[in-house]
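Please open the model in your viewer and keep the sequence panel beside it, so that each selection below can be followed in turn.

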Amino acid sequence: MAIWDVTHECMPREELEQLQLERLQATLNRVYKNVTCYHNKFNELGIVPEDIQSFSDLAKLPFTMKDDLRINYPYGMFAVPLREVVRIHSSSGTTGKPTVVGYTRNDIKTWSNLVARFMTAAGVSHDDVVQIAFGYGMFTGAFGLHYGAETLGASVIPMSAGNTEKQIMIMQDYKSTVLVCTPSYAVTLADRIERMGIEPKCLSLKVGLFGGEPWSEALRREIEARLYISATDNYGLSEIIGPGVAGECGCKNGMHLFEDAFIPEIIDPDTGAVLPPGSVGELVLTTLTKEAFPMIRYRTRDITSLDYTPCDCGRTLVRMKKTMGRTDDMLIIKGVNVFPSQVEEVLMAIEGCEPHYQLVLERKGALDALEVQIEVTENIFFDEMKMQNAFLEKIEKRIESVLGVGVTVRLVEPKSIQRHEGKAERVIDNRQK
């Protein structure tokens, strides 16, 4: 199996941990000096960077939460002047304000090489033609894979998301060998290929790099069988770097997490206590090489576990299992982060909607579908069909414009959604049932 960066991906653990500590201390000094949020957090705890001498000392450091990024919007968490930032991206936020992240020129180079690692591990080389069907824009996914593929020397087709029939035409005509998209969109492509009467074996595709949403081993098998490719998983999040945190090798037995660039911890999501190796809990990440936007003990809210046993591929890096869920109320629908509070804000601004709603998630085939059930006033519920349809269309368009993903809205009569004495049950997830 090819390895992009043998020095760091196959480093003996003792050397790797020494490198991590050196980079950690440099990062702590950077944030203490340049990021007011961290300077204040450290002072409140009575610690200075020099107090962190070993991995056991990590627990002394404060967590970074999504709220820290919101409070310091847009540039308060940057560790360099804006003139040194060459790229700004953002992710969706719970209150309309996105999370803003920045990259220096060196950060872009680091990012490109990290993505090149998992692309190489998945079987991509400079001989490939990589078709990127992630949306280009503020989302980090498309650009991360784009940079990684170019760093490998592969040919890149920056197709962006959607326009399915054109995607397929380009696959045929341009001889694309690598597909980059969400796993659910890979199924959409497979469905359309079948409807168009195209034989998938006649395409040049050989590898799929899928991320942006949770997916099962069953879905992997379906995609591989229908598109005749090797389907691999990768993991990243905008706050940490974007794609390039971890990715699968050909063994497909967990994603290698690039520990020379990130320190992973697994904590108990309720107590914050660090759990022993192999435990299932919330993933916490500390960046070690980022200049513009370093993160200290960032709580990802993703539930997973870490496997430190050797991998047959020869890499010594820890392997991260597929995420098993989240500790907050964020949902991932077709690769898009969705918070119930975003839906609530839309509904509360529309006259006729009652403050009672539910989000119902279903798995239709291989795709996730979100239905928003809304209680409405009696005059709207019993309105004539034409006016009711116009009201429905208005809500659906408003929600889609905020979430960035299409939903189905169903109006239900007053008092039909169950009331709870405690916290309202806003989400019904039938995807695993």
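Begin with the open sheet of three strands, whose order is β10-β11-β12 and whose pairing is antiparallel; strands here are DSSP runs of E with at least two residues, helices are runs of H or I with at least four residues, and both are numbered from the N terminus. Two strands count as paired if DSSP finds at least two bridges between them. The model is a predicted one, in which local features need pLDDT of at least 70 and side-chain atom pairs count only at pLDDT 80 or more, while totals for chains, interfaces and linings use all residues. Residues are numbered from 1 along each chain as its sequence is written, and side-chain values use heavy atoms, with hydrogens and water left out.

Select 262-267 and 298-304 to see the edge strands β10 and β12, each of which pairs on one side only. From one strand to the next, the twist averages 30°.

Next, select helix α8 (residues 183-195) and helix α9 (residues 217-227), whose axes come within 10 Å and cross at roughly 35°; the axes are lines fitted to C-alpha atoms over the stretch in contact, and angles run from 0 to 180 degrees between N-to-C directions. Show side chains for the contact (heavy atoms within 4.5 Å): among those in α8 are Val187, Ala190 and Ile193, and among those in α9 are Leu219, Ile223 and Leu227.

Now turn to the aromatic rings, where Phe, Tyr and Trp (its six-membered ring) pair if their centres lie within 6.5 Å, with planes under 30 degrees apart counted as stacked, over 60 as edge-to-face and the rest as tilted. The count comes to nine aromatic pairs. Select Tyr32 and Phe42, a stacked pair at 5.8 Å centre to centre with 20° between the planes. Tyr32 lies in helix α2 (residues 13-34) and Phe42 in helix α3 (residues 36-45), so the pair ties together parts that are 10 residues apart in sequence.

Then select Phe78 and Phe293, an edge-to-face pair at 5.9 Å centre to centre with 85° between the planes. Phe78 lies in the loop between α4 (66-71) and β1 (87-91) and Phe293 in the loop between β11 and β12, so this pair ties together parts that are 215 residues apart in sequence. Finish with Tyr103, Trp111, Tyr136, Phe143 and Tyr147, which form one aromatic cluster.
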